Amino acid sequence: MFRKRPSTPTTHPDDADQPSAARAKIGKDVSAKLARNPMIERLGDARLDLFLRRDFASPEECAALRAMIDAGAQPSILFSGTQGPEYRTSHSCHMERGDPLVERITARICAVMGVPPDYTETLQGQRYTPGQEYKPHWDYFPQNDTYWPQMREMGGQRTWTAMLYCNDVEAGGETQFVTMGLSVPPMEGALLIWNNMGRDGAPNTDSAHCATPVRTGSKYVLTQWFRERKWID
């Protein structure tokens, strides 16, 4: 279904798969800030730091974001050498980083989480039409994948993910956390946030998730990934 972490660790100080005090601190600080916010609810259990902020973006903002995704959408790709093309069948695009709405949404996500904007990758838009999906995967980078050395130099491990739902979906399209037995349906304007690392700063296998197939309608989301250090494009 998805790859396991290698069982034999290495000793590099920026090891993708091993505990990290720096990543653990990021996780603790962000979780504490989110937990203090009365407009944010915690989902699931102690295995995964998972939060939901309803009505994060307005209907007008969501409509504008959907139009931007439609204008730029291309077939989604995966990192070279990972899964086959059937694993992720959506369309996606990198949002224009200098666009005022993209800047505003990015700044709001960073503010609610307490993470500097320069730790973010470029916001990515995704569109799913009937039958399209993204099978179970992790957002963090496995140590044994060929692209990790490059990712390490570009800001290191992915720590947190924030996903903004830009519309309701008539049927299907849930974000399903596969080991947790928990599914979150798309809700226009809602922001779903989770920590890809465990409490020790090592990757958390319970962050495995998938985008279930859309059955009726279309699904639009924005995904903001955070790195452990400043992101270098």
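Which residue in β11 does Thr-161 stand opposite? I found that Thr-161 stands opposite Trp-194.

**Basis.** I worked from a predicted model, in which local features need pLDDT of at least 70, side-chain atom pairs count only at pLDDT 80 or more, and totals for chains, interfaces and linings use all residues. Residues are numbered from 1 along each chain as its sequence is written, and side-chain values use heavy atoms, with hydrogens and water left out.

**Strand β7.** I took strands as DSSP runs of E of at least two residues, and helices as runs of H or I of at least four, numbered from the N terminus. Strands count as paired if DSSP finds at least two bridges between them. I noted five bridges between β7 and β11, which run antiparallel. β7 also pairs with β14 in the antiparallel sense, over six bridges; there Arg-158 has Arg-227 as its bridge partner. Eight of the eight residues of β7 are buried, so this strand is largely enclosed by the rest of the structure. Buried means under 20% relative accessible area, exposed over 50%, and partly exposed in between (1.4 Å probe, protein chains only).

**Cysteines.** I looked for disulfides, defined as pairs of cysteine sulfur atoms within 2.5 Å, and the count came to zero. Cys-62 is in no disulfide, and the nearest cysteine sulfur, that of Cys-166, is 5.0 Å away. Cys-62 is buried, with a relative accessible area of 0%. The sulfur of Cys-210 lies 19 Å from the closest cysteine sulfur, in Cys-166, which is too far for a bond. Cys-210 is also buried, at 8% relative accessible area.
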